[in-house]
Amino acid sequence: MNAPVDVSFFARAAKPLTSYRKYWAARFGTAKFLPTSREEMAALGWDSCDIVLVTGDAYVDHPSFGMAVIGRMLENQGFRVGIIAQPDWQSAEPFKALGKPNLFFGVTAGNMDSMINRYTADRKIRSDDAYTPGDVGGARPDRAAIVYSQRCREAWNDVPIVLGGIEGSLRRIAHYDYWSDKVRRSVVVDAKCDLLLYGNAERAIVEVAHRLAAREPVARITDVRGTAFVRRESIEGWFEIDSTSVDQPGRVEAHVNPYLMVSEQAKANGATCAKEDEAQAVADQANAAVSAIPAIQTIQFVANPSVKLKVPPRDRSVIRLPSYEQVKADPVLYAHANRVLHLETNPGNARALVQSHGEGATARDVWINPPPIPLTTAEMDHVFDLPYARSPHPRYADENGSHDGATKIPAWEMIRFSVNIMRGCFGGCTFCSITEHEGRIIQSRSEESIIREVEEIRDKVAGFTGTISDLGGPTANMYRIGCKSPEIEAACRKPSCVYPGICQNLSTSHDPLIKIYRRARALRGIKKILIGSGLRYDLAVQSPEYVKELVQHHVGGYLKIAPEHTEQGPLTKMMKPGIGSYDKFKQMFEKYSAEAGKKQYLIPYFIAAHPGTSDSDMMHLAIWLKKNGFRADQVQTFYPSPMATATAMYHSNKNPLRKITRDSEGVDIVRGEKRRRLHKAFLRYHDPNNWPLLREALKTMGRADLIGNGKHHLIPTWQPLNDGAYQSARRKNSTPAPGTPAKGRVLTQHTGLPPRVTGSAPQPKPSKRR
């Protein structure tokens, strides 16, 4: 068996996390919780904080919360770290709560992008926030990374600001903003931070902290991988590659051969020459005159082997992207910049990027260094073995010390009994931003570290009943899977290792994961281990033993997987496998469930309105759903998140998976509320509220044959007397679709008008809402 690559191949040039000399403040020891107030600082014997972290999430001291990981990592390096969680952003005063930090402010919007956290895919305001006590929305501002950074600057304008988190990662260059429907500047410019750390930033934050502690000016820290910053002057010693344009509009004509006759030129161009006969006669006479002349030899030009073009070294090359002003004005250049960015994401060969913002005297460059070197297994163990309290800060507890009821933090409840075993994803799904944030190189913990955490949950976490809710990560089954060859992996520029098929260089062995499952469930006090992370089923079917192990021991009745669609049009734009892979997995799932004597079910998830999806594609998906007996409870509509490839498609109507030109492939984009509602309606074909819209659409599409009352029909001809209203499980966020009849009123099939008032039922009173 070929062993997967050890990411230590990439780490040869990276300084190990544990090799730094600890800062002098290490003498204060480890805090049970990082302090959130002056009183807590005093109890620890601190007179100040070296670093103050500001986050949009409630403070939960758990390795699934990014700010806790960064805080504990810095504490382990000897720094005194305080946390300001979900501050009131109306003034700078709350940002002074812990005093002036000695080294820097670390700022993040939280585990989620603040805009995605606050708004639905239809741009409606959410009333909940899983990262806030009581699940209450509105505890953080829109574009929190910018707002928090500005308030920190107001609090102390001479303290460096280091921005991080997923919101910063996905906005490191000029990006399309779905909520304002325009291209915005890099967050580095808008937040006015000194440094942006993108990705899982342990390696970068440790280096930056020690260099600042050594009194190195932050403006001179320009060589740390995984960082971005603003510069007005160029940096010496770099070779700049201009990538600010694509081909120009119009056809590019081939050069005319000057030795062709007029008639031959005309024929080559598909035309005829009016004087062709006359020209031919003249040519015959000329040929007779020169027949005695020796044949002329054609000169062959060959390249001089002694002259070689020297390619600049990749580690000293920087690619200049189209400027902010260019990508804002030209969607094609936006798609081009997005494509270049995604091609430069492999830590083994990525080059630095630079993008100009502003013109004339205000011009400055946003410089983006290559991605961070992935952590080794030993470093992953170090990060996850730090002394986390594995619970929310006591400030959120009630008088009984409980975190239930009004103080419950849903995001913590979801992960309190789960274990993260790896990072990264090489799937490359275009609608997902995991690769842009965590990278596509899988970083795995050791088996011993994982087992230790399971035992710690069993022994220390209150409320544990014997069930581990998840052993997973961004993807459930990529643990210790990687390229067979370190050299190939370091040179590869493919966006996915599993699309359009599984790469021949990818090791697909699930043996290490099977071993962990078996060992973990055999531990004393462990009754059940469930797998809650998303499963890459096209990878899973490569190991029938793994599928059997998963199905017979780690499924709690239902297993959620995400085919996302059935049709090739959208699947090729998503970079997802065909529905045949799902069918193969389904057969294995049902076979092993039957062998175990269990009744278990697959719950497939699908996306509506994804770029590249036609109305016909959604119709065929609805037919497939009905044929297979699925009724979607919740519908996921495509959400254009910053920097995702699918978002570039949405904005530009181009496909960045291919080379971008003015005439390159266009993409069908689902825009407008009515069409997005139609695509969602196809997914919920069984909801009576959607039937009028679907009937109209099917007739327009020439598929009225799908309207009828038989089993082979998609929707019936009749409409129920009740309103058939449906609300999702997240009822607080559900709002009636425009055109939905009010309660007690239905639209008749034939006229589209409300039925006549007969007095048999009271009519709804007019709403006072405006």
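**A helix pair and the cysteines**

In this predicted model, Val69, Ile70, Met73 and Leu74 of helix H2 are in contact with Glu202, Ile205, Val206 and Ala209 of helix H7. Sorted by class, the contact of H2 with H7 consists of seven nonpolar residues, one charged residue and no polar ones. Glu202 in H7 is among the residues that meet H2, and Glu counts as charged.

The geometry of this pair comes next. Two packed helices are described by the angle between their axes and by the distance between those axes. For H2, which covers residues 66–76, and H7, which covers residues 202–213, the angle is about 45 degrees and the axes lie 10 Å apart. H2 is therefore oblique to H7, since angles under 35 degrees count as roughly parallel and those from 65 to 115 as roughly perpendicular. The H2 and H7 crossing is right-handed.

The cysteines are a separate matter. A disulfide is a covalent bond between the sulfur atoms of two cysteines. With a cut-off of 2.5 Å between cysteine sulfur atoms, the count is zero disulfides. Cysteine 425 is in no disulfide, and the nearest cysteine sulfur to it belongs to cysteine 429, 6.3 Å away.

Which of the classes buried or partly exposed applies to cysteine 425, and which to cysteine 432? Cysteine 425 has 11% relative accessibility and so counts as buried, the limit for that class being under 20%. Cysteine 432, at 25% relative accessibility, counts as partly exposed.

Methods: Residues numbered from 1 in each chain as written. Predicted model: local features only at pLDDT ≥ 70, side-chain atom pairs only at ≥ 80, totals over all residues. Heavy atoms only, no water. Axes fitted to C-alpha atoms, helices over the stretch in contact; angles between N-to-C directions. Helix = DSSP H or I, 4+ residues; strand = E, 2+ residues; numbered from the N terminus. Parallel < 35°, antiparallel > 145°, perpendicular 65-115°, else oblique. Left-handed = near helix turned anticlockwise from the far one by under 90°. Contact = heavy atoms within 4.5 Å. Buried < 20%, exposed > 50% of the residue type's maximum accessible area, 1.4 Å probe, protein only.
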